[in-house]
Amino acid sequence: MNLVMKIGFGVALSLMTLASAAQADEFKLSNNQRISCSRGLSAGKLNTATCKSYAYVFNVKTSEYYRCQVTLALTRDNKEVINVQADGGCAKRPRIFDADSNYSFDATETEPPNTNAFFGPGGYAVWASDNTARKLRGCITIASGLGTDVSKCVDMTFQ
């Protein structure tokens with residue numbers, strides 16, 4: 001009887017694991033990462049280089065996403081590296097579509113300084129499509145220069 005209970009418990013546990021995996025959200029990394037670097041000269045012949053890179057992590061079920069950024073700053077003189085600092089993190093963004101489905105996603109971003117960065121550090125564009133229907137939405141977000149970003153999404157029409 002003990003063996004039957006162990007087998008029954010194992011089967012129940014396996015089914016619960018499969019059920020939770022089937023209902024779990026799936027996150028995917030966007031295919032479009034970029035890096036931009038800038039250099040600056042400081043007093044005393046110090047050189048500073050700052051590099052930023054970003055990526056987007058997308059929930060293919062709910063269409064919400066995270067914008068992630070990593071920054072590295074390196075300061076050196078003519079002989080040695082004096083200081084290295086790095087930080088980063090991800091910021092949650094709202095859903096692109098209201099209903100759950102199976103979505104695809106990609107994003108791109110201006111790299112400051114850039115002619116598109118009229119008001120600040122630039123902006124980014126995200127595209128999301130529903131894999132189960134002919135549905136595509138494009139969204140653009142730009143820095144307004146007044147503290148809040150301006151973001152608009154447009155549903156694409158197919159002719």
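Let us start with Tyr56: setting aside neighbours within four places in sequence, Tyr56 is in contact with Lys28, Leu29, Ser30, Tyr65, Tyr66, Arg67, Phe105, Ala107, Glu109, Tyr124 and Val126 (contact means heavy atoms within 4.5 Å). This is a predicted model, where local features need pLDDT of at least 70 and side-chain atom pairs count only at pLDDT 80 or more, while totals for chains, interfaces and linings use all residues. Residues are numbered from 1 along each chain as its sequence is written, and side-chain values use heavy atoms, leaving out hydrogens and water.

Tyr56 also belongs to the largest nonpolar core, which has 14 residues. Such a core is a set of buried Ala, Val, Leu, Ile, Met, Phe, Trp, Tyr and Cys residues joined through side-chain atoms within 4.5 Å; buried means under 20% relative accessible area, with exposed over 50% and partly exposed in between (1.4 Å probe, protein chains only). The residues with the most contacts inside the core are Tyr56, Phe58, Tyr65, Ile96, Phe105, Val126 and Ala128. Two or more core residues come from each of β3 (46–59), β6 (103–109) and β7 (123–130). Strands here are DSSP runs (E, at least two residues), numbered from the N terminus.

Now for the rings. Rings of Phe, Tyr and Trp (its six-membered ring) pair if their centres lie within 6.5 Å; planes under 30 degrees apart count as stacked, over 60 as edge-to-face and the rest as tilted.

| Pair | Centre to centre | Angle between planes | Kind |
|---|---|---|---|
| Tyr56 and Tyr65 | 6.2 Å | 50 degrees | tilted |
| Tyr65 and Phe105 | 5.3 Å | 35 degrees | tilted |

Tyr65 in strand β4 and Phe105 in strand β6 are 40 residues apart, so this pair links distant parts of the chain. Tyr56 and Tyr65 are both buried, and Phe105 is buried too. One aromatic cluster is formed by Tyr54, Tyr56, Phe58, Tyr65, Phe105 and Tyr124.

What about the strands? Two strands pair if DSSP finds at least two bridges between them. Strands β4 (residues 65–76) and β5 (residues 81–93) run antiparallel and are joined by 12 bridges. A hairpin of 4 residues connects β4 to β5, and Ala73 stands opposite Gln85 in β5.

An open sheet holds 4 strands in the order β6-β7-β8-β9, with antiparallel pairing. Because β6 and β9 (149–155) stand at the edges with a single partner strand each, one side of each has no neighbour in the sheet. Within this sheet, 8 bridges join β7 to β8 (residues 135–143), and Trp127 has Gly138 in β8 as its bridge partner.
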